[in-house]
Amino acid sequence: MAPMGRDVFYITTPIYYPNDVPHVGHAYDAVAADVIARHHRLRGEEVFHLTGTDEHGLKLQRAAEAAGMDPQRWVDEMEPRWREVWARLDIGYDDYIRTTEPRHQDVVVKVLDQVHENGRDDIYLDSYEGLYCVSCELYYVEGDLLEGQVCPIHERPVELMKEQNYFFRLSAYADRLLEHYERTPSAVEPDIRRNEVLSLIRGGLRDFSISRTNFDWGIPLPWDPDHVTYVWFDALTNYLTAAGFGADEKTFARRWPASIHMIGKDILRQHAIYWPAMLMAAGIEPPAQVWAHGFLTVGGKKMSKTNATGIHPFELIDRFGVDSYRWYFLREIQFGQDGSFSLESMVDRHNAELSNGIGNLASRVLAMLRSYFDGVLPEPTFPGAESDLPEVIATAVRRYDEEMLAVRPTAALAAVYDVVVRANRYMVERSPWTLAKDPARRDELGSILYASAETLRSLAILLSSIMPSAAGRMWEQLGIEETLEAQRLDHAAAWGRMSPGARTTKGESLFPRVDTAE
Ligand code: ME8
């Protein structure tokens, strides 16, 4: 069961660094969180889905310098290039936060003050010399680096930095963190990530610096404005800002703690150790769950701009369409594990599952309704014509719901696809095109087509979280009066909600085949 925040299902994506445009790896988070958010909406829950951009820090300042711009102008120009990708990917976020917004700066200052003044001396001044990866915006200890002092994630050399910084006393929170995760194991998922977090905590936590003086692109510390806030302290706090912390306490109380922070496994330490400790120090409840997925890999390595393997999502959307894009990544790669992506497998899945599987089912049923009944949905009068479809669907809806709630979208998609397979088999078993030749069996024919249309109705509802555009077109072709947005999960499980007499249309193909040779 997915943990609930308060009254609202509050799901977040990481906020992305706009030092460059998005690639398919970034969109992986974004799509997964959107599918989960839409699923909770389908269950009738109030949902708050947050995404945004992480606009401060050395990495951003350097990207701007390289382009000969000041950082503010740089992020102002880059941020719309992220939003345009989310728009084309049908990401239906409720709020988009930029860490350069005044609403956020106010909250960072407030949280810093709360920790600074908590009476436990959790923030102190010290000098530090260490090896820093600018791409991670993280200090490393020698033992965690690859040979030649190279960052294990970005495979780039780290830099020796020496600064006088303010430190956060993370080491004082080890016991409370362990206690938190022992009491609420679901606070980090999946298991492999929880074990990783527990062993990091048990291995001993080092205090981390929360301010910088060697550059100025950040939020000044309220008690010492010569320092800017460390970008991770700043960034993590976005989850509070958007929830209304410090600005609208009533809304905040309904939204916090966040239900799920969806992240990639590379930023687990910051989310599952730094963040809950920072919140504890500020006297705020930690998030209900951090869910860390794996990497999309190319040639066995994390897809990234740094190693020039980052493909822009538009390259794939242009060819496959947004729905196929959303389907492919969640279906092909077991969510939680690393997985490689290839054009070949994308073409195969598109043609086999979407064009032949779902698309063909819909177009056959709608074409027969048009040919044999002028597109008007017939009355289901023939007993037993629906076979086991109602049970198959009810079971699939239950399974789908359980898997989505547990953040297992790959398994949830499999549950939907089983319905498609069963429905296509049903067509073959019942062979309505043969029945159509015998006027004496018209009742049976009509009832089979009614059952098939009912199956499409349920499928459209289930698919509305995964492929909202295609599901919307399918819904329209079915000629159902109520809107798809008004549907709830139990409507998908219920049988016989379509009204005989409805006008169906055989529209354009939902998923035109993609040519392998292209
Ligand atoms: O880390 N496969 O931002 P970011 C899967 N600003 N996920 C990938 C990926 C890949 N190949 N490449 C990137 C940051 N990601 C911080 C977050 S949150 C308070 C601050 C995912 O733009 C990555 O795992 O570098 C991470 O979850 C997200 O993209 C943002 O990465």
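Reader: What makes Leu60, Ala63 and Ala64 in H2 meet residues in H3, and which residues are these?

Author: In this predicted model, contact requires heavy atoms within 4.5 Å. By that criterion, the three residues of H2 meet Pro71, Trp74 and Val75 in H3.

Reader: What is the make-up, by class, of the contact of H2 with H3?

Author: Ala, Leu, Pro, Trp and Val count as nonpolar. The contact of H2 with H3 accordingly has 6 nonpolar residues, with no polar and no charged ones.

Reader: Why are H2 and H3 called roughly perpendicular?

Author: Helix H2, residues 58-66, and helix H3, residues 71-88, pack at an angle of about 90 degrees, and their axes are 9 Å apart. Angles from 65 to 115 degrees count as roughly perpendicular. The two helices are therefore roughly perpendicular to each other.

Reader: Which strands form the open sheet, and in what order?

Author: The open sheet has 4 strands in the order S5-S4-S6-S8, and their pairing is antiparallel.

Reader: Why do S5 and S8 count as standing at the edges?

Author: Each of S5 and S8 has a single partner strand, so one side of each is left without a neighbour in the sheet.

Reader: How do you know that S4 and S6 pair?

Author: Two strands pair if at least two bridges are found between them. S4 is joined to strand S6, residues 159-168, by 10 bridges, and the two run antiparallel.

Reader: What is the volume of the largest pocket, and which residues are the closest to its centre?

Author: The volume of the largest pocket is about 950 Å³. It is lined by 47 residues, and the closest to its centre are Tyr17, His26, Lys59, Ser135 and His154. H1 gives the largest share of this lining, 4 residues. By class, the lining has 23 nonpolar, 14 polar and 10 charged residues.

Reader: What can be said of the second largest pocket, and which element gives the largest share of its lining?

Author: The second largest pocket has a volume of about 640 Å³. Of its 28 lining residues, Leu138, Tyr139, Asp144, Arg269 and Tyr274 lie nearest its centre. The largest share of the lining, 5 residues, comes from H10. By class, the lining has 17 nonpolar, 3 polar and 8 charged residues.

Definitions and conventions:
Residues numbered from 1 in each chain as written. Predicted model: local features only at pLDDT ≥ 70, side-chain atom pairs only at ≥ 80, totals over all residues. Heavy atoms only, no water. Axes fitted to C-alpha atoms, helices over the stretch in contact; angles between N-to-C directions. Parallel < 35°, antiparallel > 145°, perpendicular 65-115°, else oblique. 1 Å grid on protein atoms, 1.4 Å probe; cavity = no way out; pocket = protein on both sides within 12 Å on 5 of 7 lines; lining within 4 Å. Points joined across faces, edges and corners; volume = space filled by probe spheres on them.
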